[in-house]
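Please read these notes with the structure open beside you. They go through it point by point.

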Amino acid sequence: MTTPVVLLERPADGVALVRINRPEARNALNMEVRRLLAQHLTELGEDEATRCIVLTGNEKSFAAGADIKEMAGAGTVDMMLRNTLKLWRTIYGCPKPVIAAVNGFALGGGCELAMTCDIIVAGESARFGQPEVKIGIIPGGGGTQRLTRAVGKYKAMKICLTGDLFSAKEASEMGLVSEVVPDAEVEKRAVAMAQQIAGLAPLAVQQIKEVVLAGQDASLETALRLETKAILLLFSTLDQKEGMAAFIEKRNPKFQGK
Ligand code: CAA
């Protein structure tokens with residue numbers, strides 16, 4: 001029996017870990033990987049027992065980008081029919097927080113995949129980049145847009161126009177990663193963070209994700225109204241009552257996601 005190219009693990013209560021598993025191709029994203037990622041993220045988004053997701057690869061590579069061998073001979077119509085935006089959408093549309101645990105290469109579509117996540121934990125030797133220009137194309141999984149929003153026009157232009165790779169330290173200084181840790185600690189740290197988030201009020205967690213992401217694309221006034229509606233909504237949850245009661249009674253809260 002062949003091992004699936006994407007694995008699902010349960011490292012802690014409330015936490016799912018999705019692992020890209022094509023080590024022989026540096027975890028290049030072929031259509032099978034993309035379909036399985038989309039399938040897992042859709043299912044985990046709907047699974048009540050899952051409160052936070054970790055997305056990772058192996059110690060050498062998070063993902064080395066789109067599978068160049070699979071697309072080298074493709075024409076425009078082939079690429080249109082693959083409709084990868086539909087698959088990406090299920091990943092970035094996941095309502096639960098997703099943490100990228102990045103070791104090794106996060107290049108091209110791999111860097112774009114990390115950027116669809118909400119938090120990025122990177123190992124000290126991780127290498128990021130959008131090298132598409134070197135093979136005659138452009139970032140096609142949101143890179144030109146998400147990178148610009150994350151690091152600003154001038155850094156994004158340099159990264160996309162030169163295709164040069166950059167270190168986890170540089171990524172951190174630009175605001176592209178949330179935390180840099182020793183390589184051996186990446187997965188452990190990401191799972192611990194996911195466990196921490198999984199223990200918090202799930203509806204509040206989901207509202208934070210929704211408001212931060214939707215607010216980015218709106219005017220400040222519209223985004224502030226969205227935020228206000230979200231906090232008002234949370235005052236009709238049991239978890240808001242429980243969280244505040246627990247604080248006053250000096251005990252740990254028991255959140256139910258209700
Ligand atoms: N697609 C297909 N195969 C890939 C791949 C990719 N993106 N990246 C690596 N591989 C394969 C290699 O061809 C090689 O296969 P063989 O053993 O059969 O020769 C195997 O993985 C190991 O790779 P290397 O020997 O090159 O390993 P390395 O450690 O020396 O280098 C690397 C690793 C720097 C990641 C290098 O492989 C590399 O530069 N890969 C391509 C990176 C890239 O250009 N990514 C962007 C892709 S385009 C994209 O992502 C577009 C988009 O957004 C839609």
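1. A salt bridge here is a side-chain nitrogen of Lys or Arg within 4 Å of a carboxyl oxygen of Asp or Glu. Glu9, Arg19 and Glu187 are linked in a network of such bridges. The search of the whole structure finds 12 salt bridges.

2. The model is predicted, so to speak of local features requires pLDDT of at least 70, side-chain atom pairs count only at pLDDT 80 or more, and totals for chains, interfaces and linings use all residues. Residues are numbered from 1 along each chain as its sequence is written, and side-chain values use heavy atoms, with hydrogens and water left out.

3. Which residue meets Arg22 in a salt bridge? The partner is Asp67, at 2.7 Å from N to O. The pair links distant parts of the chain, 45 residues apart: Asp67 is in the loop between strand 4 and helix 2 (68-71), and Arg22 is in the loop between strand 2 (15-20) and helix 1 (31-46). Helices (H or I, at least four residues) and strands (E, at least two) are DSSP runs, numbered from the N terminus. Asp67 and Arg22 are both buried. Buried means under 20% relative accessible area, exposed over 50%, and partly exposed in between (1.4 Å probe, protein chains only).

4. Glu185 pairs with Lys188, with the closest N and O atoms 3.5 Å apart. Glu185 is partly exposed because its relative accessible area is 33%, while Lys188 counts as exposed at 57%. Glu249 pairs with Arg251, and here the closest N and O atoms are 2.7 Å apart. Glu249 is partly exposed at 49%, and Arg251 is partly exposed at 35%.

5. Is strand 5 (residues 98-102) enclosed or open? Of its 5 residues, 5 are buried, so strand 5 is largely enclosed by the rest of the structure. Both faces are covered: Val98, Ala100 and Val102 are buried on one side, and Ile99 and Ala101 on the other.

6. Strand 5 has pairing partners, where two strands pair if DSSP finds at least two bridges between them. Strand 3 (residues 52-56) pairs with strand 5 in the parallel sense over 4 bridges, and Ile53 has Val98 as its bridge partner. Strand 7 (residues 119-123) also pairs with strand 5 in the parallel sense, over 4 bridges. There, Val102 has Ala122 as its bridge partner. Strands of a sheet pair through backbone hydrogen bonds, either parallel or antiparallel.

7. An open sheet of 4 strands has the order 4-6-8-9 and mixed pairing. Its edge strands, strand 4 (61-63) and strand 9 (166-167), each pair on one side only. Strand 4 runs parallel to strand 6 (residues 105-107), and 2 bridges join them; in strand 6, Ala106 is the bridge partner of Ala63.

8. Helix 5 (residues 109-116) lies across strand 4, strand 6 and strand 8 (127-129), at about 95 degrees to strand 6. Contact means heavy atoms within 4.5 Å. Axes are lines fitted to C-alpha atoms, for helices over the stretch in contact, and angles run from 0 to 180 degrees between N-to-C directions.

9. Ile231, Leu232, Phe235 and Met244 make a nonpolar surface patch of about 400 Å². Patches are made of residues with over 30% relative accessible area and no salt bridge; like charges are joined within 9 Å, and nonpolar side chains (Val, Leu, Ile, Met, Phe, Trp, Tyr) within 5 Å. Accessible areas come from the Shrake-Rupley method with a 1.4 Å probe, and for residues only the protein chains shown count as cover. Ile231 is found in helix 11 (residues 220-234) and is partly exposed, at 47% relative accessible area.
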